[in-house]
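Work through these exercises with the structure open beside you. Try each task before you read its solution.

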Amino acid sequence: MKKKDNLWIGAACIVLGVFIAFQMKFIQGTYLNGASPTQKTTEILNELSAVKTEKENLIEEIERLEDQLDKIQNSASEENAIVKNLTDELNRYKAFTGMTKVSGTGILITIDNPPKDLNIGLEKNIAYDYKLILDLINELNSAGAEAISINDQRMINNSEVRLAGSQVNVNTLPISPPYVIKAIGNSSTLDGAINQRFGIVQNIQETGYYVEVKQVENLEIGAFNGSLKFRYANTVK
Amino acid sequence: MFALTVVLGVLIALQGKTLKSGVKYLSIKDMYTQSIELESQKSEIVLLNAKVDDLKKQIAIYQTAKEDAEIDYEAFLISEIDNTKAVAGLTSLEGPGVVIIVTDGTRDLLEDESPNNVWVHDLDIRAMVDDLRNAGAEAIAINGQRVVFNKSKIQCTGPTIKINDQVFAPPYVIKAIGDRKFLESIINAPGSFSENLRSWGVFVEVNTSISVSIPQYDGFVSYEYVN
């Protein structure tokens with residue numbers, strides 16, 4: 001082997017080394033926020049399991065609190081017939097507003113971002129196309145949906161679906177994909193209305209997102225969680 | 001050669017040590033999906049916490065109303081009914097807001113252009129209602145018909161639009177109660193749906209008003225599929 005060849009190999013190694021270092025640095029800077037891969041992995045996995053236990057605890061607590069509220073209302077109704085009538089009337093109006101849990105036949109729609117391709121820098125985010133979600137909900141309403149929720153947020157009179165940063169807010173709370181939209185109504189009418197040729201589902205698919213529509217025999221839609229107060233509107237007697 | 005063997009030995013020892021300490025390996029791609037999952041779980045926790053807070057508040061309200069002798073439980077229930085009715089859209093309302101007029105465009109059509117481009121469609125009205133809701137409208141009515149989510153259907157019926165099962169022809173007058181500045185800007189802002197409509201030649205005008213009155217929803221209320 002000539003001395004000159006050795007020099008070339010040496011130079012190639014240096015260039016390659018610099019490239020590898022750059023690549024590592026880039027990955028560390030963009031995806032790991034400066035941490036090393038192992039550090040970041042442990043961090044994410046630990047946090048994920050902590051968050052999951054917290055979620056389970058919260059769901060348990062919610063069930064307990066709902067029971068407690070029911071008991072208070074029922075015990076008051078038992079004491080007095082007028083109170084019972086009033087409670088029934090209140091519950092009727094609450095159902096109309098969307099403040100009660102409902103169930104029935106309907107459809108379940110899942111919308112998600114296309115699979116991430118790290119080789120392409122551009123990523124599609126359904127949050128920026130939230131108007132498609134609004135269109136979908138309008139179509140469902142028009143096809144006779146009686147109750148609608150997005151990621152368990154019940155849609156009511158004053159519900160908004162709007163872009164906030166890179167997330168969509170519904171009922172002022174952030175929701176992230178996949179978006180699971182539930183609608184109670186005539187399931188074949190609802191399905192047909194959105195799956196029409198050149199309809200909204202096709203529109204969402206052509207924009208590049210994943211959509212799945214399923215007819216479901218028994219669907220449960222939760223109550224609206226917040227409390228509502230008008231700040232501008234006054235009741236006219 | 002000797003130096004290389006030493007380096008290799010050190011590396012193997014390090015590797016063994018990290019594996020022992022319970023560190024798991026994920027590819028960068030998996031890590032990315034995991035971090036997205038983490039984000040969505042976290043936002044769900046925010047929602048659940050909000051629900052817990054609300055339930056606690058309600059329990060406290062009902063508890064004090066029931067136990068406190070000075071508070072009349074029946075009167076409390078009646079006031080709750082009134083509040084719920086108002087929120088449901090079953091009462092007439094009055095407040096500051098905007099009045100929007102939308103009507104078919106009057107510009108000349110281009111050669112072979114479809115008149116569809118200058119007509120007002122049900123989709124346009126729905127999108128404007130969405131915009132108004134996003135801007136925090138508390139109550140919305142179109143040509144005197146209260147718009148209630150799930151109950152009001154805004155549908156195309158040929159040259160006319162059906163709202164709450166009544167048929168209307170242009171011009172459409174949309175009234176909304178809420179913050180006047182927000183509501184006005186959602187109609188006039190660049191990027192809003194109305195801006196889009198205007199560019200097609202459809203006439204859209206918005207005026208703010210100190211007092212807009214909006215009628216109650218008086219459709220028939222029944223459920224067929226909801227239990």
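Two residues are in contact if their C-beta atoms, placed from the backbone, lie within 7 Å. Helices (H or I, at least four residues) and strands (E, at least two) are DSSP runs, numbered from the N terminus. Axes are lines fitted to C-alpha atoms, for helices over the stretch in contact, and angles run from 0 to 180 degrees between N-to-C directions.

The model is predicted: local features need pLDDT of at least 70, side-chain atom pairs count only at pLDDT 80 or more, and totals for chains, interfaces and linings use all residues. Residues are numbered from 1 along each chain as its sequence is written, with chains lettered from A and ligands numbered from 1 in the order in which they are written.

**Exercise 1.** Find the strands that α4(A) lies across.

Solution. Start at α4(A): it lies across β4 and β5 of chain A. Next, take the angle: α4(A) runs at about 170° to β4(A).

**Exercise 2.** Work out the strand order of the open sheet in chain A.

Solution. Strands pair if DSSP finds at least two bridges between them. The order is β4-β5-β6, and the pairing is antiparallel. The edges are β4 (161–164) and β6 (173–175), each pairing on one side only. From one strand to the next, the twist averages 45°. Now zoom in: β4(A) and β5(A) (residues 167–170) share four bridges. Val161(A) has Val170(A) in β5(A) as its bridge partner.

**Exercise 3.** List the contacts of Ala139(B), leaving aside neighbours within four places in sequence.

Solution. In chain A, find Ala233(A). In chain B, find Gly89(B), Leu93(B), Ala176(B), Ile177(B) and Ile214(B).
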